[in-house]
Amino acid sequence: MKKNNIKILAIESSCDETAAAVVEDGRKVLSNIISSQIDLHTIYGGVVPEIASRKHIENINFVIKDALKEANVTFDDIDAIAVTYGPGLVGALLVGVGEAKTLAYGLNKPLIGVHHIKGHVFANLIEHEELKPPFVCLIVSGGHTEIAIVKDYNDFEIVATTRDDAAGEAFDKVARSVGLGYPGGPKIDKAAKLGNPHAIEFPKAKVNDSKYDFSFSGVKSAVLNYQNKANMTGEKINVNDLVASFQRAVVEVLVEHTIEVAKDYNIKNVAMAGGVASNTALRSLMEEKCNEEGLKLHFPSPIFCTDNAAMIGVAAYFEYINNNFKDLTLNAVPNLEL
Amino acid sequence: MMKILGIESAALVASVAIIDEDVTIAEYTTNFKKTHSETLLPMLDEIVKMTGISLSELSAIAVSGGPGSFTGLRIGAASAKGLGLALDLPLIEVPTLDAMAMNIYASDALIVPIMDARRNQVYTGIYKNDTKLEVKAESMAVSIDELFEILKETGAKENVERAIFLGDGVSVFREYIDEKLTMKHDFAPLNLNRQRASNIAMLGMEMMKAGKVISADDMSPNYLRKSQAERERDVAKTDASY
């Protein structure tokens, strides 16, 4: 089997973005099409799985055709079909998986199943040619808060996870509670720039029995309690100060633990992945601390931080060269482990 | 000769069939586990391998278009859309209940497929199939009592006093139907009481000849129902307007 000029058509439908991309040799993105449904879900204050699944079915062929067209290739040029098969919303995943399986079957091409989070981690390779394992990666999104040590392209160790809410989930809940709306991450990021991050001291959650694990329900509750108390006493809240202080409490813990892992394992490269990796406060603090410690920080452009299929095509390449293919029984696995 | 692939995964039945204009060449139907995502495509591969038919011989793909289980419908739809895109074939979206009604033939009774739609409703329609399928009431989601009313009206209008029920809704409502429905009625035997892909393919072929084909890109199931979130929002809006 050839190892160069491998073109993979990748499909991603694990949440509310229908996406397809063509990626060559695991680094070169020839196209990256994302059909976002965010406006449809905003009125419900979050992603509605059934609506997301219905939109995926409506959009998927168009998104795939656009990805081929933008890459200036046809199915004949494609060496394999890759798809996210978990973790994510099961109904949403099933659309991509069903489509990818029949595409691979009808075209007689190999099928590759990709772990969504592995995709997020590998998004870092797209714009950083020099980045190679081993590296430490902080994965932060609406559904995930993890620190992974990428020992090799197909060898991950998760050394930290969240005990309760994901970081992005805490952002969403706080944003909803203070009236900033959905999606919480970008809204809080923007409002926090106008506020004083040291106005309120919120607890920084430590988990007693683990050095690296996270817990965000405490700081989230502290924000909600602060708000309730202010409402009862009639005290006026400065929302910008409130969310800036909340954001600082979350971001500081994320950065501290990531740096600690890098130091303890003596790894010089640090990367970030997932939607919350676009958060500007997180980026600047991580940059500052990495510089202090002599670590090299990498993070993807926002377009590769959000859910996208290019990252799936990158991760799929490393499965391809290891001959790790799936058969026609591939199913969606909503709680797929890394 | 024109060959059509039929795909049926709207409910518990998973079924695939390849027909030509004279005969059902192969059909593979299971009704025991709801893991269509894992079973449907291997079943297709099995009949393709066994018959030696090449996918390139197909003229179109007919898919059970709903109503039914939202997830089941989407597994069928995604499979048909992916295959249609890969093979550059048109799709035929066959109404699930119309195809079910074709299980009964050469009868003057009203044919009433009922699928358990949960929330105390059935997906149903009313048909006649003496020699040619006639739709007397289109696919709908109603309570079994509402169905009785519509059935009585249709029976009076068509001058028919007998109904044949089939579908997985029979398992749920059989006793209730016996108890409450005054119209003379029967229940289809087990070999005729569930969905099958050859019906989808056969009705699909008729629809294709009538020009009712669509692009694989445009196909999307007919769910008959909104998502729960949309329904709750509609209720909230109606309440607010009082």
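Hi everyone, and thanks for coming. Please keep in mind that what we have here is a predicted model.

Let me begin with chain A. Its secondary structure amounts to 11 helices and 10 strands. The radius of gyration is 20 Å, close to the 20 Å from the globule rule for 338 residues, so chain A is as compact as a globular protein of that length. If you follow the C-alpha trace along its principal axes, chain A spans about 65 × 45 × 35 Å. As for burial, 54% of the 338 residues of chain A count as buried. And if we take the contacts in chain A between residues at least 6 apart in sequence, 74% of them join residues at least 24 apart.

Now, how many residues bring the two chains into contact? On chain A there are 29, and they meet 25 residues of chain B. Two elements of chain A, α2 (49-71) and α3 (90-107), are the ones giving two or more residues to this side. The most comes from α3(A), with 13 residues. Sorted by class, the side of chain A touching chain B holds 17 nonpolar, eight polar and four charged residues.

Over to chain B, then. Its domain assignment gives domain 1 (3-96 + 195-228) and domain 2 (104-192). The C-alpha centres of these two domains of chain B are 24 Å apart. Between them, seven residues of domain 1 are in contact with five residues of domain 2. On the domain 1 side of that contact in chain B, we find five nonpolar residues, one polar and one charged.

That's my tour, and I'm happy to take questions!

Conventions: Residues numbered from 1 in each chain as written. Chains lettered and ligands numbered in written order. Predicted model: local features only at pLDDT ≥ 70, side-chain atom pairs only at ≥ 80, totals over all residues. Contact = placed C-beta atoms within 7 Å. Helix = DSSP H or I, 4+ residues; strand = E, 2+ residues; numbered from the N terminus. Nonpolar A, V, L, I, M, F, W, Y, C, P; charged D, E, K, R; others polar. Rg over C-alpha atoms; globule rule 2.2 N^0.38 Å. Buried ≥ 20, exposed ≤ 12 C-beta atoms within 10 Å, placed from the backbone. Domains from an automatic or database assignment.
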